[in-house]
Amino acid sequence: MRLLLGLWLGLLLVGCGGAGVRAGGGGGETGRCLLLTTNDSEAHFDGERVSLEPLAYAGTIARIAATKKQLLAERKGAVLLVSAGDVLQGRYMERRDGDRARAAREAWQVYEAAGYDLGTLGNHEFDAGPKVLAHALRGLTRYRMVVSNLAKDSPTLDNRDGKLWDEVVVRDCGGVKLGFFGLLTPSTRTISQFGDTRFVDPDDPVLPAAKRAIARLKAAGATVIVGLTHLGFEADVKLAERLAGTGVDLLVGGHSHTLVKRWKAVSGIHVVQSGQRFSHLGHLEVVADGRGHFDPDASSWKVVPVGEPMPSDAPTEGSIAKLREGYDNEAVVGKRSVPWMLRGWGRRIYGRRVARAVWRYAAANNRFGLPVDGAILNSGGLRTSKVYPPGPVTNLEIRAIHPFGNRVVLVELDGEQLRDVLEHACTGGHRSALGERIEVWGLHFACDGERPGVRYEMKDGKSVAIARRGQRVLGATVAGEPVRPDRRYHIAINDYLARGGSGYWAFSLGSRGCLDGTAFEPGHCKSSPTLATVVEGAVRDGSFDAPVPDR
């Protein structure tokens, strides 16, 4: 076993430029630091389940912890483990006792125990609001967050004493003086619970903050500058273009879950990202030339699949096992008669099954006694990209697909408001994706991306009115009849959309109600079931896998 481990580590070191690497153009090499990177883990600490009987998991973060320990033993003081955001989401946020604040704090403490050095915030860190986030941040000691574009005097997320996060960080790693800054995606304002948190520069939350941070790092003597970003790969590429000549060397990103096998060089800035959910570990070998500056010719990037034959760290495995004690055990809740395709066009089929289950539940269980015309759910709520084969279905599989705890809400819209909802679905999403970004039942529509889209009046990054109505929606029907402006429609949605999530401002104009007959207020529809509960119920009664139209 020791021989195999030694060979495996040797291959990693060679792959990362551990031997025989060319010196840079500054008269030799002054240092080298290995940055190990992950992003968008979504608290997927124990990886994939590898068996039901006995119940066993892959122990993914435990393998990453072991990797860092072994590499650090070979390269003392020359390895850093960093995260590009989106940890506080998924299975390990839903404790049995409902204590989300404790769940968030414990999740980051697992990261800290596993050896993470630095991270930045992702949008999912705000899923339970800034109060929970502040509690989680106060639970960290050695593991530090670096965020450069948030206002430190936000009321709830008050960082004026600098204890919650650092605006910039300088670390000496393997003789390289590394400077780090961090950037949170501006879309957090509409896709998560941003609350009273503010960006330093509301009109442009990214570029001015990045430039200030870079200037501070250079003044502090950093010779290699790294941005930990949670913006998405394409947004990082565009940012690199805008940062040309500022002195940035590397952007280590997250948010788009992109597996970048070859780094992308833009204006002399190298952009990387390492997938999602601990599927891969990024190895970014940073080599400094004779002047201490980044040498791209001697440096390298690779992503390594996380799994066998990587060793696993027993203490980290133990901490995860202890963590599970506060959560529901995995249990079989039914059988899958057809595959669930959570990738490609198959996501549409699965999404329609979910929307149908929500429509049926809302129609049978709303205290308003109203007929329900259809259901609309945001496509971004489907959180895996796997293919689930026919066979047993477990409760935790369902929660992995639907991890947010979003609850069913009923909204009444007139035809014009409904059409505005559909127009928004035909615009680019927060990752610039065009197309029908919702899952529907009882409705039908198509998008023409060549036509003018909806344009909003914005305030602090949020829609407050429609400045120009869109013209992209084609063939909008409900129950086979064209949508009429003068008709009222009752649509089952989730509470994320009901509060205008992902920019669906038009939903906030409708009359919204919890299924128990009370008026909707964010965070107060506790009597309504979560989407995971509705899907589980449909799996249990055998209705979920019934055929649905493919278009």
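Colleague: Let's start with β17: how does it pair with β21?

Modeller: Strand β17, residues 374-378, pairs with β21 in the antiparallel sense over four bridges, where pairing requires that DSSP finds at least two bridges between two strands, and helices (H or I, at least four residues) and strands (E, at least two) are DSSP runs numbered from the N terminus. Within this pair, Ala375 stands opposite Trp441 in β21. Please keep in mind that this is a predicted model, in which local features need pLDDT of at least 70 and side-chain atom pairs count only at pLDDT 80 or more, while totals for chains, interfaces and linings use all residues. Residues are numbered from 1 along each chain as its sequence is written, and side-chain values use heavy atoms, with hydrogens and water left out.

Colleague: Which helix lies across β17, β20, β21 and β27?

Modeller: That is α9, residues 346-365, which runs at about 55° to β21; axes here are lines fitted to C-alpha atoms, for helices over the stretch in contact, and angles run from 0 to 180 degrees between N-to-C directions. Helix α11, residues 415-425, also packs on the sheet, where it touches β17, β20, β21 and β27, and its direction makes about 115° with that of β20. Contact means heavy atoms within 4.5 Å.

Colleague: And what is the strand order in that open sheet of five?

Modeller: The order is β21-β17-β27-β20-β28, with mixed pairing. Because β21 (438-441) and β28 (511-514) each have a single partner strand, they stand at the edges, and one side of each is left without a neighbour in the sheet. On average, neighbouring strands of this sheet are turned by 25° against each other, direction ignored.

Colleague: Switching topic, which residues of the largest nonpolar core touch the most other members?

Modeller: Those are Phe45, Trp108, Leu121, Leu137 and Leu150, out of 48 residues in that core. A nonpolar core is a set of buried Ala, Val, Leu, Ile, Met, Phe, Trp, Tyr and Cys residues joined through side-chain atoms within 4.5 Å, and buried means under 20% relative accessible area, with exposed over 50% and partly exposed in between (1.4 Å probe, protein chains only). Among the elements that give two or more residues to this core are β1 (29-38), α2 (60-74) and α3 (100-113), and α3 supplies the largest share, seven residues.

Colleague: What does Leu150 touch, leaving aside its neighbours within four places in sequence?

Modeller: Its contacts include Leu121, Phe126, Trp165 and Phe199. Apart from this core lies another, of 46 residues, among them Cys33, Leu183, Ala222 and Val271.

Colleague: Is β8 mostly covered or mostly open?

Modeller: Strand β8, residues 176-184, is mostly covered, since eight of its nine residues are buried. Six bridges join β8 to the antiparallel β7, residues 168-173, and the two form a hairpin with two residues between them, in which Gly174 in the turn has a positive phi of about 60°. With β9, residues 224-230, β8 pairs in the parallel sense over seven bridges. Gly179 of β8 is the bridge partner of Val170, and Ile225 in β9 is a bridge partner of Gly179.

Colleague: Last one: where does pLDDT stay under 50?

Modeller: It stays under 50 over residues 1-26 and also over residues 430-434, pLDDT being the predictor's confidence in each residue, from 0 to 100. For the protein chain the mean pLDDT is 91, and 93% of its residues reach 70 or more.
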